[in-house]
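Subject: Structure for you to look at

Hello,

Here is the structure I promised to hand over.

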Amino acid sequence: MAFFTGFGVSAVVYYILNRIWPSPGAFQEFKEIDESDFASREAEAEYAPSDTDSRPPTEGETDVVDKPV
């Protein structure tokens with residue numbers, strides 16, 4: 001019984017103190033971004049052959065490749 005009473009009292013004290021003196025960043029908006037597949041998609045796009053890789057450059061074309069940022 002003492003464990004549950006102590007847990008309840010400490011939870012109430014913790015809540016009250018955080019309302020009086022909030023932690024830095026406690027009220028900022030949090031947006032979760034799923035980047036779990038980002039690295040593999042980026043690697044595939046970087047090393048995937050394109051149509052311009054299979055033919056020699058024609059007159060006026062350069063060897064500069066634009067990569068997405």
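**What was found**

The protein chain has two helices and zero strands. Helices (H or I, at least four residues) and strands (E, at least two) are DSSP runs, numbered from the N terminus.

Please note that this is a predicted model: local features need pLDDT of at least 70, side-chain atom pairs count only at pLDDT 80 or more, and totals for chains, interfaces and linings use all residues. Residues are numbered from 1 along each chain as its sequence is written, and side-chain values use heavy atoms, with hydrogens and water left out.

**Surface**

Of the 69 residues in the protein chain, 0% are buried. Buried means under 20% relative accessible area, exposed means over 50%, and partly exposed is in between (1.4 Å probe, protein chains only). The accessible surface of the chain is about 7,300 Å². Carbon and sulfur atoms hold 61% of that surface. Areas come from the Shrake-Rupley method with a 1.4 Å probe; for residues, only the protein chains shown count as cover.

There is a nonpolar surface patch as well. Its members are Val9, Val12, Val13, Tyr15, Ile16, Leu17, Ile20 and Trp21. Together they have about 820 Å² of accessible area. Like charges are joined within 9 Å, and nonpolar side chains (Val, Leu, Ile, Met, Phe, Trp, Tyr) within 5 Å. Val13 sits in helix H1, residues 2-20. Val13 counts as partly exposed because its relative accessibility is 42%.

**Aromatic rings**

How many aromatic pairs does a search of the whole structure find? It finds two. Phe3 and Phe4 make an edge-to-face pair, 5.3 Å centre to centre with 80° between the planes. Phe3 and Phe7 make a stacked pair, at 6.4 Å and 20°. Rings of Phe, Tyr and Trp (its six-membered ring) pair if their centres lie within 6.5 Å; planes under 30 degrees apart count as stacked, over 60 as edge-to-face and the rest as tilted.

Phe3 and Phe7 both lie in helix H1, four residues apart, about one turn of the helix. Phe3, Phe4 and Phe7 form one aromatic cluster. Phe3 is exposed at 60%, Phe4 at 61% and Phe7 at 55%.

**The loop**

Phe27 is in the loop between H1 and helix H2 (38-47). Phe27 is exposed, with a relative accessible area of 63%.

Best wishes

Methods: Patch = residues over 30% accessible without salt bridge, like charges linked within 9 Å, V, L, I, M, F, W, Y side chains within 5 Å. Salt bridge = Lys/Arg side-chain N within 4 Å of Asp/Glu carboxyl O.
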